[in-house]
Amino acid sequence: MTETDIVNKNCFMSNNKKKARNNVKFVVMDMYKPYVSLVKKCFPKANIIFDKFHIINSISRALNKTRIKIMNENKEVYNKFKKYYKLLLMDSDKLNRCNLYWRICFKKTNDPSIHSKFFNKSR
C-alpha cells in the first residue's frame, strides 16, 4: 500500500469530510505528479493552481535546454549563447540600455535600427 493510498483511506474518505472536500474551489501546490493525482481524487471540484516558483523553474529549465540545443546545432551562435545567456534570464528593467558595448561575436551591434528596435521601448 502506497503513502497516497493510506492518506486517501485514513484522512479524506469519511462522509463528513466529503461535503467539505467538494466545497474546496482552489488548491495551490507544486507540480509533483503524485500530489496532482491525490488532489484530483480528494478534491474533485477544485481547480489546481501551481505556485509561481515551480512554474518559473520549469520555464527556466526549458529555456536552458533549448539554448543548449541551439548551441550544439549552430556553431555560429555557440559563443553568444554560452557567454551571454544570463541576459536572457535577466529582468528587462535591469538591462543597461545606456551603455551599449560592442562585442566581437555581435557584428552589427552598432546598427541604429537594432538599437531602436530593442532598446527604445515605450513603457
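Residues are called buried under 20% relative accessible area, exposed over 50% and partly exposed in between, with a 1.4 Å probe and protein chains only. The views below show a predicted model, in which local features need pLDDT of at least 70 and side-chain atom pairs count only at pLDDT 80 or more, whereas totals for chains, interfaces and linings use all residues. Residues are numbered from 1 along each chain as its sequence is written, and side-chain values use heavy atoms, with hydrogens and water left out.

**View 1. Lysine 45 in the loop between α3 and β2.** Lysine 45 counts as exposed because its relative accessibility is 59%. Contact here means heavy atoms within 4.5 Å. Beyond residues up to four places away in sequence, lysine 45 touches Asn22, Val24 and Lys25. The C-alpha atoms of lysine 45 and lysine 25 are 6.4 Å apart, although 20 residues separate the two in sequence.

**View 2. Overall arrangement, with seven helices and two strands.** Helices (H or I, at least four residues) and strands (E, at least two) are DSSP runs, numbered from the N terminus. Along the sequence the elements follow the pattern α-α-β-α-β-α-α-α-α. Of the 123 residues in the protein, 14% are buried. Among contacts between residues at least 6 apart in sequence, 22% join residues at least 24 apart.

**View 3. The parallel strands β1 and β2.** Strands are taken to pair if DSSP finds at least two bridges between them. Four bridges join β1 to β2 (residues 47–50).

**View 4. The largest nonpolar core, eight residues in all.** A nonpolar core is a set of buried Ala, Val, Leu, Ile, Met, Phe, Trp, Tyr and Cys residues joined through side-chain atoms within 4.5 Å. The members are Val27, Met29, Val36, Leu38, Val39, Cys42, Phe43 and Ala46. Two or more residues come from each of β1 and α3, and α3 gives the most, with four residues. In soluble globular proteins, nonpolar side chains tend to be buried together. Valine 36 is in contact with Met29, Ile48 and Phe50, leaving aside neighbours within four places in sequence.

**View 5. Aspartate 30 in the loop between β1 (26–29) and α3 (33–42).** Aspartate 30 is partly exposed, with a relative accessible area of 23%. A polar contact is a pair of N or O atoms within 3.5 Å; within protein, one must be able to donate a hydrogen and the other to accept it, and residues adjacent in sequence count only if both atoms are side-chain atoms. A polar atom of the aspartate 30 side chain lies 3.2 Å from the backbone nitrogen of tyrosine 32. Not counting residues up to four places away in sequence, aspartate 30 touches Tyr35, Phe50, Asp51 and His54. Isoleucine 49 is 19 residues from aspartate 30 in sequence, with a C-alpha to C-alpha distance of 8.3 Å.

**View 6. Tyrosine 32 and tyrosine 35 as an edge-to-face pair.** Rings of Phe, Tyr and Trp (its six-membered ring) pair if their centres lie within 6.5 Å; planes under 30 degrees apart count as stacked, over 60 as edge-to-face and the rest as tilted. The count by this rule is one aromatic pair. The two tyrosine ring centres are 4.9 Å apart and the planes stand at 75°, so the pair of tyrosine 32 and tyrosine 35 is edge-to-face. Tyrosine 32 is partly exposed at a relative accessible area of 47%, and tyrosine 35 is partly exposed at 44%.

**View 7. Arginine 67 over the ring of tyrosine 85.** A charge sits over a ring if NZ of Lys or CZ of Arg is within 6 Å of the ring centre and within 35 degrees of the ring normal. The charged end of arginine 67 is 4.1 Å from the centre of the tyrosine 85 ring.
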